[in-house]
Amino acid sequence: EKEEAMLVPHGAYILMVDGGRMHLFRNHGRDSAIELETRQERELHNPRTHVTNEPQPGRSFQSMGFERSAYEGTDTHQRREDAFCEEALDEALGAAAEADELILIAPAHVMGVLRKHLEHHHKHPPVREIVKDLTAFSPSELTGWLRSHH
């Protein structure tokens, strides 16, 4: 039994993103004869939070007694990654506004960020999700992967 290739409509956009890299492609081929054109690529320079010399969480005093507690530490590194992913999605949605489909490829934690951000966009093309980290793939490797999966 031959496995069917994934159908990627002509003109569909593919956003492949993780916390630090984004690739936006457009399919110029037809359905299973995928021909990806790179539309945009970016990397995020994002040092780890402890490298950026962020101040330590502050301390609060209880109004009664002498107990102290540290404020919840915010992970600036993670916030930057999430914002990077949200911006990548915004750009992909802008580019793919008239497309038949937008395919999102991202690892699970990033897909969660993208899904949440997508809720703020009321008008967008149909979205298909592939929960997998493929950002290290070249366009030709991604094309091969898409052809062999469905």
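**Fold and core packing of the predicted chain**

Helix α3 (residues 139–148) lies across β1, β2, β3, β6 (102–106) and β7. Its direction is about 120° to that of β3. Axes here are lines fitted to C-alpha atoms, for helices over the stretch in contact, and angles run from 0 to 180 degrees between N-to-C directions. Contact means heavy atoms within 4.5 Å. The model is predicted: local features need pLDDT of at least 70, side-chain atom pairs count only at pLDDT 80 or more, and totals for chains, interfaces and linings use all residues. Residues are numbered from 1 along each chain as its sequence is written, and side-chain values use heavy atoms, with hydrogens and water left out.

The chain contains three helices and seven strands. Both kinds of element are DSSP runs, numbered from the N terminus: helices are H or I with at least four residues, strands are E with at least two. Along the sequence the pattern reads β-β-β-β-β-α-β-α-β-α.

Five strands build an open sheet of mixed pairing, in the order β3-β2-β1-β6-β7. The edges are β3 (36–43) and β7 (127–131); each has a single partner strand, so one side of each is left without a neighbour in the sheet. Neighbouring strands are turned by 15° against each other on average, direction ignored. Two strands count as paired if DSSP finds at least two bridges between them. Strands β1 (residues 13–17) and β2 (residues 21–27) are joined by five bridges in the antiparallel sense. Within this sheet, M16 stands opposite H23 in β2.

A nonpolar core is a set of buried Ala, Val, Leu, Ile, Met, Phe, Trp, Tyr and Cys residues joined through side-chain atoms within 4.5 Å. Buried means under 20% relative accessible area, exposed over 50%, and partly exposed in between (1.4 Å probe, protein chains only). The largest such core has 21 residues. L15, V17, M22, L89, L102, L104 and L114 have the most contacts inside it. Two or more residues come from each of β1, β2, α1 (76–95), β6 and α2 (108–118). The largest share, six residues, is supplied by α1. Leaving aside residues up to four places away in sequence, L114 touches V17, C85, L89, L104 and A106. A second, separate core has 14 residues, including A12, I103, W145 and L146.

Of the 150 residues of the chain, 36% count as buried. Among contacts in the chain with a separation of 6 or more, 62% involve residues 24 or more positions apart.
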